[in-house]
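Take a look at the model below. We start with its pocket, then turn to helix packing and confidence.

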Amino acid sequence: INRLKALRRRFPKLCVDVRGKGLMIGLEFPTDAIGYEVAKGLFDRGVLVAGTLFSAKTIRIEPPLTITQQELTMAVETIEKVFKEVNARHFESKRMPLRKAA
């Protein structure tokens, strides 16, 4: 959870909150659409997550108790990659290239 909270600090517009106990962790996003996009990115890369009962704004991570430290590390690294991609699409400024003077 500490590594996920560090990611939250790196991507404050993307990830609104990280909470949980033990291995049951919730990641909250500003909108359902962004939560769904993060969940899909994780699922496509083999990290199983689920939305909450009523929305995708908060997604749950509930790994099995038999998960290894190596698998946890891989999951956090995958979450970081997905955060970078989604953050770039939604929150990084789209800079126009500078034109050369004639």
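Predicted model: local features only at pLDDT ≥ 70, side-chain atom pairs only at ≥ 80, totals over all residues.

The largest pocket has a volume of about 520 Å³. A pocket here is an open set of points on a 1 Å grid over the protein atoms alone, where a 1.4 Å probe fits, with protein on both sides within 12 Å along at least five of seven lines. The volume is the space filled by probe spheres set on the points.

Residues are numbered from 1 along each chain as its sequence is written, and side-chain values use heavy atoms, without hydrogens or water.

The pocket lining (residues with an atom within 4 Å of a point) has 25 residues; Ile67, Glu71, Leu72, Ala75 and Val76 lie nearest the centre. Helix α3 gives the largest share, 9 residues. Helices are DSSP runs of H or I with at least four residues, strands runs of E with at least two. By class, the lining has 15 nonpolar, 6 polar and 4 charged residues.

α1 (2–10) and α3 (69–90) each supply at least two lining residues. These helices also pack, at about 10 degrees, with axes 11 Å apart. They are therefore roughly parallel, the term for angles under 35 degrees. The contact (heavy atoms within 4.5 Å) includes Leu4 and Leu7 of α1 and Val76 and Phe83 of α3.

Mean pLDDT is 90 for the protein, and 91% of residues reach 70 or more. Confidence is highest in α3, at 97, and lowest in strand β3 (residues 50–51), at a mean of 86.

Key:
Nonpolar A, V, L, I, M, F, W, Y, C, P; charged D, E, K, R; others polar. Axes fitted to C-alpha atoms, helices over the stretch in contact; angles between N-to-C directions. Parallel < 35°, antiparallel > 145°, perpendicular 65-115°, else oblique. pLDDT = per-residue confidence, 0-100.
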